[in-house]
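Please look through the structure shown here, and then follow the explanation below as it moves from strands to side chains.

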Amino acid sequence: MVAVLGLSQMFLQPFVAYTTKTHTTFTLSSESTANWNNTPGDAKWTVPLIFQISQILKIGKQPISLQIGGKYYADSPRYGPDCGVRFALTLLYPTGRRPESIETTSFVK
């Protein structure tokens, strides 16, 4: 007996982000999914376009990251969403250690 494994779903998450000197980050992304087994006439893709703004700040001594964003669905299955919002609060616990420097090596001597 031969078992055939087929892929029926796909997930793509392209993004571009820009962070300012004041630790504000602007992000444009998508969390696109494709369902290859959808019925005819129903969209195979769910394609949200997401714009987010996040800011790192401190409340007392606790550093946090606040994030807010909006979603517009360029494509979605029948009865799927048209838009959405996202809010996140992340507690940050920096270690205080700096990253180790990367030594450059040369193969030519």
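Strands, as the word is used here, are DSSP runs of type E with at least two residues, numbered from the N terminus. The model is a predicted one, and within it Leu 28 has its place in strand S3. This leucine has a relative accessible area of 47%, so it counts as partly exposed, given that the partly exposed class lies between the buried limit of under 20% and the exposed limit of over 50%.

Strand S3 also holds Thr 27, and this threonine is buried, because its relative accessible area is 14% and the class takes in values under 20%. Once neighbours within four places in sequence are left aside, the residues in contact with Thr 27 are Val 16, Ala 17, Ile 50, Phe 51 and Gln 52.

The partner of S3 to consider next is S2, for the two strands run antiparallel and are joined by 5 bridges. Within this pairing, Tyr 18 stands opposite Phe 26 of S3.

His 23 belongs to the loop between S2 and S3, and with a relative accessibility of 47% it counts as partly exposed. Not counting residues up to four places away in sequence, His 23 touches Ser 54, Gln 55 and Ile 56. Of these, Ser 54 is 31 residues from His 23 in sequence, while the two C-alpha atoms are 8.2 Å apart in space.

Several of the residues already met return in a nonpolar patch on the surface. This patch is formed by Val 16, Tyr 18, Phe 26, Leu 28, Phe 51, Ile 53, Ile 68, Phe 87, Leu 89, Leu 91 and Tyr 93, which together have about 1,200 Å² of accessible area. Two or more of its residues come from each of strand S2 (15-19), strand S3 (24-30), strand S5 (45-59) and strand S7 (83-91). The element that gives the most is S7, with 3 residues.

Side chains of opposite charge can pair when their charged atoms come close. The count in this model is 1 salt bridge, and it is formed by Arg 86 with Glu 31, whose closest N and O atoms are 3.1 Å apart. Because Arg 86 lies in S7 and Glu 31 in the loop between S3 and strand S4 (32-35), the pair ties together parts that are 55 residues apart in sequence. Arg 86 is partly exposed, at 24% relative accessibility, and Glu 31 is likewise partly exposed, with a relative accessible area of 22%.

The last feature to look at concerns ring geometry. A pair of aromatic rings is described by the distance of the centres and the angle of the planes. For this model the count comes to 1 aromatic pair. Trp 36 and Trp 45 form it in an edge-to-face arrangement, with 5.8 Å from centre to centre and 85° between the planes; the angle qualifies because planes over 60 degrees apart count as edge-to-face. Trp 36 is partly exposed at 38% relative accessibility, and Trp 45 is also partly exposed, at 27%.

Key
Residues are numbered from 1 along each chain as its sequence is written. This is a predicted model: local features need pLDDT of at least 70, side-chain atom pairs count only at pLDDT 80 or more; totals for chains, interfaces and linings use all residues. Side-chain values use heavy atoms; hydrogens and water are left out. Patches are made of residues with over 30% relative accessible area and no salt bridge: like charges are joined within 9 Å, nonpolar side chains (Val, Leu, Ile, Met, Phe, Trp, Tyr) within 5 Å. Accessible areas come from the Shrake-Rupley method with a 1.4 Å probe; for residues, only the protein chains shown count as cover. A salt bridge is a side-chain nitrogen of Lys or Arg within 4 Å of a carboxyl oxygen of Asp or Glu. Helices (H or I, at least four residues) and strands (E, at least two) are DSSP runs, numbered from the N terminus. Buried means under 20% relative accessible area, exposed over 50%, partly exposed in between (1.4 Å probe, protein chains only). Rings of Phe, Tyr and Trp (its six-membered ring) pair if their centres lie within 6.5 Å; planes under 30 degrees apart count as stacked, over 60 as edge-to-face and the rest as tilted. Contact means heavy atoms within 4.5 Å. Two strands pair if DSSP finds at least two bridges between them.
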